[in-house]
Amino acid sequence: MKRHHHGLPWPRLHRSEDVACEFCDAVQKAPRLREGEAAYCVHCGELLYQNRPRSLSRATGFSIAALIFMALAHAFPFLTMSAAGSRNELGLIACARAVAADGDPLLAFLCVVFTVVAPLILIGGILYLCAPLMLGRALPGSLWIARALQRSEPWSMLEVFLLGFVVSLLKLGHLAEIRFHIGLWALVAVVVSIAGATAGIDRRELWDRLELANAR
Amino acid sequence: MSPPTFAADSGLASCHTCGRLGPVADGRCRRCGAKLHLRKPDSLARTLAFLGGAIALYVPAMSLPVMRVSGFGGGEDSTILSGVVTFWEMGSYPVAIIIFTASILIPILKILALLWLCLAAVGKVGGSGRKLALTYHVTEIVGRWSMVDVFVVAILACLVKLGTLMTITPGPAALSFAAVVILTMFSAMSFDPRLLWDRRRHTS
């Protein structure tokens, strides 16, 4: 395991394996990297891959944290707004339900995909792959999960939702009495943890390790 | 340094999913099972098709109301543009600037950037490789932030349900605008940046 062999490159199956730059298609030897180093294409200078420090522990740790905070973000409202005798709670699901109730079920469905489903696939997938990989193992369906999490990444938009939340607050301004709750701080923590987990491990490292674990 | 060799010239393709280099004759990637292609299939046609859809839907997204505010004095529709103007006039410059950037500036710039990349890929316009690569990266990263206005509408629709005093509901433009963002994201994903370099290799 990388953590115990500090400074060693992650394992590559075929020692002489070539890579092609995914930007300009130039074939080159894949250099072995120390932790924290990155390889760039000799032809166009694009990033080829990075050897992220303590990748598996970071990805595992951050994804566990993200799952816990995600549960909290769903269990508690982000804020409650009281005005004119009525009181409304804001949450990810509550948001989608309100949109659906207002007659736009398709938009509600998209909201659920972007703020609930895609983040869950992304973070659950990273945990499902990286935790067993720390022991050099891959659980059944790992290839399918790896593909699914890669597909879901651009559609996981919790950080965009958070910006939308800030804009909404500025819009509402002095309109009503607003109270913040645990759910909001949990949401901020989810956004940070997801960023930490996805930046934790390079895509090529994940696939190389999966290949190695599946070959055992 | 010897001149580089290119994967496509020797029938090799890097897998779109896992990045492994393998002979395209295999059909599927030996590591992850994804289909291998020398270049993303029909890259330019797909990019332009998604882009055309996005441009078409941008019209209703801008002209139809994005949300409806109803209350005592009847209803009031607001479009994305009228929202920006209102907040600017109210002196809420940060809100006006964020919404203008995310909902108007970024989608237009992204559509133009993708058109430019497609033109560069067929050799109609020039441009240094670095500049084109940067354009591609920026369009890929920045596009999703346009969705912010859709979330604002959803959040306001959830919070502002104050009975007869004031109620906000999403308008038809919200869905069109979400579709514009989704289509431009698909468009950027369909574009294969290797086409930009293929062009230079064959002409030089």
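**Figure 1. The hairpin of β1(A) and β2(A) in the predicted model.** Five residues lie between the strands of this hairpin in the predicted model, and D25(A) adopts a positive phi near 75°. Strand β1 (residues 18–20) of chain A pairs with β2(A) in the antiparallel sense, and three bridges join them. Within this pairing, A20(A) has V27(A) in β2(A) as its bridge partner.

**Figure 2. Pairing of strands between chain A and chain B.** Strand β2 (residues 26–29) of chain A also pairs with strand β1 (residues 5–6) of chain B, in the antiparallel sense and over two bridges. A26(A) is placed opposite F6(B) in β1(B), and V27(A) is placed opposite T5(B) in that strand.

**Figure 3. The contact between chain A and chain B.** Chain A contributes 50 residues to the contact, and chain B contributes 48 residues. On the side of chain A that touches chain B, the largest share, nine residues, is supplied by helix α5 (residues 158–172) of chain A. Classified by residue type, this side of chain A comprises 32 nonpolar, seven polar and 11 charged residues.

**Figure 4. Helix α2 of chain A and its buried face.** Helix α2 spans residues 92–101 of chain A, and L92(A), C95(A), A96(A), A98(A) and V99(A) are buried in this helix. Viewed down the axis of α2(A), the buried residues fall within an arc of 160°, so they line one face of the helix. An α-helix has 3.6 residues a turn, so residues three or four places apart point the same way. In chain A, the buried residues of α2(A) pack against α1 (55–75), β6 (86–90) and α3 (105–133). They also pack against α5 and β7 of chain B. After α2(A) comes G103(A), whose phi is positive, near 90°.

**Figure 5. R151(A) in helix α4 of chain A.** Helix α4 covers residues 142–152 of chain A and includes R151(A). R151(A) has 15 other C-beta atoms within 10 Å and is therefore partly exposed, since a residue counts as buried at 20 or more such atoms and as exposed at 12 or fewer. R151(A) and L122(A) are separated by 29 residues in sequence, while their C-alpha atoms are 8.6 Å apart in space.

**Figure 6. The open sheet of chain B.** The four strands of this open sheet follow the order β5-β4-β7-β6 (chain B), with antiparallel pairing. Because β5 (74–78) and β6 (161–162) of chain B each have a single partner strand, they stand at the edges, and one side of each is left without a neighbour in the sheet. The partner of β6(B) is strand β7 (residues 166–170) of chain B, paired in the antiparallel sense over two bridges. In this pair, K161(B) stands opposite T167(B) in β7(B). Helix α5 (residues 148–159) of chain B packs on the sheet and touches β4 (67–71) and β7 of chain B. The direction of this helix makes about 145° with that of β7(B).

**Figure 7. The two domains of chain B.** Chain B is divided into domain 1, residues 1–38, and domain 2, residues 42–203. The C-alpha centres of domain 1 and domain 2 of chain B lie 34 Å apart.

Terms used. Residues are numbered from 1 along each chain as its sequence is written. Chains are lettered from A and ligands numbered from 1 in the order in which they are written. This is a predicted model: local features need pLDDT of at least 70, side-chain atom pairs count only at pLDDT 80 or more; totals for chains, interfaces and linings use all residues. Two residues are in contact if their C-beta atoms, placed from the backbone, lie within 7 Å. Ala, Val, Leu, Ile, Met, Phe, Trp, Tyr, Cys and Pro count as nonpolar, Asp, Glu, Lys and Arg as charged, and the others, Gly among them, as polar. Two strands pair if DSSP finds at least two bridges between them. Domain bounds come from an automatic or database domain assignment. Axes are lines fitted to C-alpha atoms, for helices over the stretch in contact, and angles run from 0 to 180 degrees between N-to-C directions. The arc is that of the directions from the helix axis to the C-beta atoms.
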